[in-house]
Amino acid sequence: MRRKESLAKKHALAEAEASELKKLKIWDKVLATKAKELAALSITSPAALEQSRGRIVDIGIAAWQLGGLGCMRHLHSMAVQTCGQNSRDTRSMDFVSACWDGIGNW
């Protein structure tokens, strides 16, 4: 009986992990262009950042609608990674976080 319960728990865990990986792959595909755009918007002068605030918020809202807070975090990490790959300072991504305050649970 315990063995059956253990196998059922392992099976449920494997299904949950597979579902999560599938979700992340979908997000990667859907958010790739938005992550690049977000990274490009954040790597500008302070004045340009302020002008881009509306688009940054729109991108955050789209991520929220796609998958909630987890999706927003995933998009943010993708954009930070994109900045790092382009040898850019990732501290400008902090502005994105400030723009996203109030979206969902951000």
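Biologist: What makes you say that Arg53 and Glu50 are separated by about one helical turn?

Modeller: This is a predicted model, and in it Arg53 and Glu50 are three residues apart in helix H2, so about one helical turn separates them.

Biologist: How do you know that the side chains of Arg53 and Glu50 meet in a salt bridge?

Modeller: The term requires a side-chain nitrogen of Lys or Arg within 4 Å of a carboxyl oxygen of Asp or Glu; for Arg53 and Glu50 the N to O value is 3.0 Å, and because the limit is 4 Å, the pair is called a salt bridge.

Biologist: Why is Arg53 called partly exposed, and why is Glu50 given that label?

Modeller: Buried means under 20% relative accessible area and exposed means over 50%, with partly exposed in between. Arg53 has 31% relative accessibility, so it counts as partly exposed, and Glu50, at 44%, therefore counts as partly exposed too.

Biologist: What makes Glu20 and Lys23 a salt bridge, and where in the chain do they lie?

Modeller: Their side chains meet at 3.0 Å, N to O, which is to be set against the limit of 4 Å. Both belong to helix H1, residues 2-42, where they are three residues apart, so about one helical turn lies between them. Glu20 is partly exposed at 37% relative accessibility, and Lys23 is partly exposed at 32%.

Biologist: What is the secondary structure of the protein chain, and why is the chain called more spread out than a compact globule?

Modeller: The protein chain has three helices and zero strands, in the pattern α-α-α along the sequence. Its radius of gyration is 18 Å, whereas the globule rule gives 13 Å for 106 residues, so the chain is more spread out than a compact globule. The C-alpha atoms fill a box of roughly 65 × 30 × 20 Å along the principal axes.

Key
Residues are numbered from 1 along each chain as its sequence is written. This is a predicted model: local features need pLDDT of at least 70, side-chain atom pairs count only at pLDDT 80 or more; totals for chains, interfaces and linings use all residues. Side-chain values use heavy atoms; hydrogens and water are left out. Helices (H or I, at least four residues) and strands (E, at least two) are DSSP runs, numbered from the N terminus. The radius of gyration is taken over C-alpha atoms; the globule rule is 2.2 Å times the number of residues to the power 0.38. Buried means under 20% relative accessible area, exposed over 50%, partly exposed in between (1.4 Å probe, protein chains only).
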